[in-house]
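Subject: Structure for you to look at

Hello,

Here is the structure I said I would pass on. Please open it and keep it beside you while you read the notes below.

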Amino acid sequence: MENVNGPTLPQLQQTAFNVIRPFFHVLRASGITEGALRTASERAHRLYARTPARGVWLTRACFLQLAEILRAWARDPQFIDETGAPMRLRLAGTRRDTGSFAYLLKKAKVSIEAGNALELLQALGSIQRYDRGQRVRLVSNVLLGVMGRRFLAVPILDSVRRFAETIEHNTCEKRSAAAGRLHRWVGCASLDVRRLGEVEHLARSSGEALLDAMDEKLFACARKDAKDRPLYGVGLYVFVDHADKGSGRRLRERCASA
């Protein structure tokens, strides 16, 4: 998949600053000195200086349009078949032909060209052609951020920045407990590796259920005329901390924000 509107040097510099800034704020607020930060930054740079670029740069606008296409396909009753599943769409046809991929783009209210959308969604593993390439079906109603050794740079970097900004908000900016953002975690330092599969299954299934419920609620509470409003969202992640071997005890820690 080719890059779309690859970033300029100033854009790369601004993106790097936006991601790094909240980390530096929290580190300095934690009492880590400027000299220690500079040394750590230089060390990290030397460690990864030869890392090959594997990020695919889609613009944020393009990414959001692709996500809106999948949302419409999975939710709009016009694109749901009699079994309750997303319909398989014809690739031939115009934006006036119901049951076509072009008509889906019209309903999703996106400006991206049909051929470009098809190529990108197929490369991202969200759709699949069949019937000798005449039709297309929905494989995943979410955009996959990682494809093999490549990944979508903008949403992945946004995820890192948003997590860091939540920590920054809770530690450096909030004025009261009620103003805190949700940040909680639970961990176990004595996990039976033979049961890792069932733990991962629970994390995925319960996590997906929560995200689906939040997605429905956010969609129901959205205003079509909303402009210049902050994006509210919920993110989940799994961590494996190799650095802390622990003492074999079960760990359960929660941040004092909710």
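Three strands form an open sheet in the order β2-β4-β3, with antiparallel pairing. The edge strands are β2 and β3, each of which pairs on one side only. Strands here are DSSP runs of E with at least two residues, helices are runs of H or I with at least four residues, and both are numbered from the N terminus. Two strands count as paired if DSSP finds at least two bridges between them.

Before going on: this is a predicted model, in which local features need pLDDT of at least 70 and side-chain atom pairs count only at pLDDT 80 or more, while totals for chains, interfaces and linings use all residues. Residues are numbered from 1 along each chain as its sequence is written, and side-chain values use heavy atoms, with hydrogens and water left out.

The sheet

Strand β2 (residues 89-90) is joined to β4 by two bridges, and the two run antiparallel. Strand β3 (residues 127-130) is also antiparallel to β4, with four bridges between them. Val136 in β4 has Leu89 opposite it, and Arg129 also stands opposite Val136. Ile127 has Leu138 of β4 as its bridge partner.

Helix α3 (residues 60-75) lies across β2, β3 and β4, and runs at about 85° to β4. Helix α5 packs on the sheet too, touching β3 and β4, and its direction makes about 110° with that of β3. For these angles, axes are lines fitted to C-alpha atoms, for helices over the stretch in contact, and the angles run from 0 to 180 degrees between N-to-C directions. A contact means heavy atoms within 4.5 Å.

Helix α4 is mostly covered, with six of its eight residues buried. These are Phe101, Ala102, Tyr103, Leu104, Leu105 and Ala108. They pack against α3, β2, α5 and β4.

The core

The largest nonpolar core has 29 residues. Such a core is a set of buried Ala, Val, Leu, Ile, Met, Phe, Trp, Tyr and Cys residues joined through side-chain atoms within 4.5 Å. Leu66, Ile69, Trp73, Phe101, Leu104, Ile112 and Leu121 have the most contacts inside this core. Helices α3, α4 and α5 and strand β4 each supply at least two of its residues. The largest share, seven residues, comes from α3. Leaving aside residues up to four places away in sequence, Leu66 touches Leu58, Ile112, Ala117, Leu120, Leu121, Leu124 and Leu143.

Two loop residues

Lys109 has a positive phi near 60° although it is not a glycine. Lys109 sits in the loop between α4 (101-108) and α5 (114-123). With a relative accessible area of 72%, Lys109 is exposed.

Asp131 is another non-glycine residue with a positive phi, about 55°. Asp131 belongs to the hairpin of β3 and β4, which has four residues between the strands. Asp131 counts as partly exposed because its relative accessibility is 41%.

Cysteines

How many disulfides does the structure hold? There are zero, where a disulfide is a pair of cysteine sulfur atoms within 2.5 Å. Cys62 counts as buried because its relative accessibility is 9%. Cys221 counts as exposed, at 53% relative accessibility.

The whole chain

The protein chain has seven helices and eight strands. Its C-alpha atoms fill a box of roughly 60 × 45 × 40 Å, taken along the principal axes. Of the 258 residues in the protein chain, 22% are buried. Among contacts in the protein chain with a separation of 6 or more, 61% are between residues 24 or more positions apart. The accessible surface comes to about 18500 Å², and 54% of it belongs to carbon and sulfur atoms. Accessible areas come from the Shrake-Rupley method with a 1.4 Å probe, and for residues only the protein chains shown count as cover.

Regards

Conventions. Buried < 20%, exposed > 50% of the residue type's maximum accessible area, 1.4 Å probe, protein only.
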